[in-house]
Amino acid sequence: MSEARAYTPRVTVVPATLDRFTAMPIANTKKRRVAAYARVSTDDEEQQTSYEAQVDYYTQYIQGKSEWQFVKVYTDDGVTGTSTKKRNGFNEMVQAALNGEIDLIITKSVSRFARNTVDSLTTVRMLKEKGVEVFFEKENIYTLDSKGELLITIMSSLAQEESRSISENITWGMRKRFADGKVALPYKHFLGYKKGADGLPEIVPEEADIIRGIYRMFLEGKSPSYIARSLSASGIPSPSGKKSWRPETVKSILTNEKYKGDALLQKTFCTDFLTKKMKVNEGEVPQYYVENSHPAIIAPEIFDAVQAEMKRRAKPGRRNYTPLCFSGRIYCDECGSLYGSKTWHKQTVWQCNARSKGETGCKTPVLRNATIQEAFVRAINQIIAQKDEIIRICEDTMWERCDTTEITATLEKLRTELEVVAGMMQRQITLNAQVALDQAEYWRQFTEYETRYNETKAQISSLEKERDARAAKRGMVLQYIETLRAESQVAVFDERLWYGTVEQVLVKPDGMLRFVFKDGQVVEG
């Protein structure tokens with residue numbers, strides 16, 4: 001049997017010749033290509049100074065190292081750090097590093113690099129795979145160091161929580177200002193107002209005239225599309241300073257309560273402090289309605305009249321706009337149908353729609369444009385001849401006829417009752433889930449509550465319609481008064497005067513036209 005031999009291992013170390021991270025020869029004397037990243041999150045003057053100081057500091061710092069080669073200081077000015085999606089300077093720097101143009105990135109701190117833990121770690125790991133190191137100066141962290149990733153995870157999480165805290169503080173502050181009724185407008189993109197010396201909105205007269213013109217044109221029957229084209233053709237810049245107006249911009253102006261001196265606050269809210277995604281507030285967070293918060297450009301009555309007209313035009317099956325001013329205002333007095341435009345021998349005429357379709361045998365005649373225009377001139381001159389008395393009567397009776405005070409008080413009581421009944425229904429449901437109730441009695445009681453709830457809701461809906469109708473009527477009468485006050489006897493048809501005074505026209509079988517004006521006056525022309 002052979003004798004066992006003892007082995008003594010001999011180990012020879014073969015030194016590494018390449019850096020494990022950069023893949024460059026260890027003995028290489030090539031300078032490291034170094035870039036820096038600087039960012040401030042707001043564009044106010046104080047932050048701007050900090051931004052410029054960072055750029056100057058890193059430029060000199062990198063150029064002062066003989067073993068480094070200065071690449072560039074990448075910057076993002078006035079951009080939040082919670083997400084990298086909109087940080088163009090940051091994204092450009094990362095792409096350059098991945099392309100092999102940068103060996104080392106220097107930045108002030110983890111929070112300057114990113115306040116989002118996921119973004120921070122993802123970017124660091126992506127750079128690390130390419131052998132690119134990041135140095136966080138404040139925390140003294142090198143990402144290629146063995147402890148680097150752990151430290152970055154901790155610091156990034158702290159930075160993210162700091163962002164959350166800041167966001168919550170800002171949100172709390174905004175909601176506190178809302179609750180206190182403090183209004184701030186986006187003046188750079190808001191036509192009609194500028195920030196006053198006291199910090200409150202102040203009317204810009206020439207811009208206010210544009211706003212009033214938009215409201216007037218809409219009440220005269222023009223559509224948002226027509227108004228947008230008219231403003232663009234007149235060379236009037238949009239709220240954002242553009243040459244072309246969009247119909248949506250006009251509609252936004254027509255429905256913005258701030259033009260009547262009120263403000264609905266928190267129309268939108270931020271759903272995620274990281275993505276900064278905004279959402280229209282549909283009841284998720286409180287809203288605050290502030291009355292008389294600033295000077296009004298549009299009288300509340302005119303504003304209400306515009307909202308009522310918006311709803312009227314939005315009714316199903318109704319054309320929102322027609323360039324023909326007589327559309328939608330002339331009715332057959334015999335059958336009640338609207339008069340519609342027809343083309344006869346290349347001329348526009350007006351005829352009872354029901355008669356033209358053969359649906360009725362009414363005898364009301366076909367009307368030419370000139371016939372309607374001449375009749376209107378005769379009728380409006382009768383009104384203008386007694387306009388002082390008409391205006392006096394309108395002003396004396398308008399507030400009484402259109403008063404909504406009693407309706408508003410009733411609505412408040414009904415809404416309170418609705419809340420009480422809803423609470424009783426909810427308690428009944430909860431009790432039934434917790435205790436074995438007699439089901440016949442339960443359903444009897446629940447049905448009683450439900451019936452009461454639905455009846456109250458129907459009352460509220462009916463009163464809201466009546467309130468809106470009265471408010472709209474008040475606006476129409478106010479516009480009518482203003483139109484009459486500026487007029488003297490007229491010789492030719494004026495489309496603006498037609499829109500401002502006529503409620504409807506009834507065509508009699510004998511061809512007589514009966515004009516019903518916005519104050520209820522009836523005149524035959």
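The structure is a predicted model, in which local features need pLDDT of at least 70, side-chain atom pairs count only at pLDDT 80 or more, and totals for chains, interfaces and linings use all residues. Residues are numbered from 1 along each chain as its sequence is written, and side-chain values use heavy atoms, with hydrogens and water left out. The mean pLDDT (the predictor's confidence in each residue, from 0 to 100) of the protein chain is 81, and 78% of its residues reach 70 or more. Over residues 43-48 the pLDDT is below 50, and beyond near neighbours in sequence this stretch has four contacts in the model. Contact here means heavy atoms within 4.5 Å.

Nonpolar cores were examined next. A nonpolar core is a set of buried Ala, Val, Leu, Ile, Met, Phe, Trp, Tyr and Cys residues joined through side-chain atoms within 4.5 Å. Buried denotes under 20% relative accessible area, exposed over 50%, and partly exposed in between, with a 1.4 Å probe and protein chains only. In soluble globular proteins, nonpolar side chains tend to be buried together. The largest nonpolar core holds 38 residues, of which I380, W498, F515 and F517 touch the most other members. Among the elements that each supply at least two residues of this core are the strands β14 (347-352) and β17 (513-517) and the helices α12 (387-402) and α14 (439-485). Helix α11 gives the most to this core, with eight residues. Helices (H or I, at least four residues) and strands (E, at least two) are DSSP runs, numbered from the N terminus. Residues up to four places away in sequence being left out, I380 touches L484, V490, L497, T501 and F517. A second, separate core of 29 residues includes F190, Y193, V250 and I298.

The aromatic residues were then considered. A pair of aromatic rings is described by the distance of the centres and the angle of the planes. Rings of Phe, Tyr and Trp (its six-membered ring) pair if their centres lie within 6.5 Å; planes under 30 degrees apart count as stacked, over 60 as edge-to-face and the rest as tilted. A search of the whole structure finds 21 aromatic pairs. In one of them, Y37 and F90 are arranged edge-to-face, with 5.4 Å from centre to centre and 75° between the planes. This pair links distant parts of the chain, as Y37 lies in strand β1 (residues 32-40) and F90 in helix α2 (residues 88-98), 53 residues apart. Y37 and F90 are both buried. The pair of F135 and Y142 is instead stacked, at 4.3 Å centre to centre and 20° between the planes. F135 is buried, with a relative accessible area of 7%, whereas Y142 is partly exposed, with a relative accessible area of 35%. One aromatic cluster is formed by F326, W350, F376, F493, W498, F515 and F517.

Helix α7 (residues 224-233) has P224, I227, A228 and L231 as buried residues. These residues cover an arc of only 100° around the axis, so they lie on the same side of α7; the arc is that of the directions from the helix axis to the C-beta atoms. The face turned away from the buried side carries the exposed residues R229 and A233. The cover over the buried residues of α7 includes α6 (205-219) and α8 (247-254). Just after α7, G235 takes a positive phi of about 75°.

Several single residues complete the description. H294 is found in the loop between β11 (288-290) and α9 (300-313), and at 9% relative accessibility H294 counts as buried. Apart from neighbours within four places in sequence, H294 is in contact with Y193, P201, K258, G261 and D262. H345 lies in the loop between β13 (339-344) and β14 and is exposed, with a relative accessible area of 80%. Although H345 is not a glycine, its phi is positive, at about 50°. K346, found in the loop between β13 and β14, has a positive phi of about 65° although it is not a glycine. At 83% relative accessibility, K346 counts as exposed. E503, in strand β16, is partly exposed at 40% relative accessibility. The C-alpha atoms of E503 and F515, 12 residues apart along the chain, are separated by 7.8 Å.
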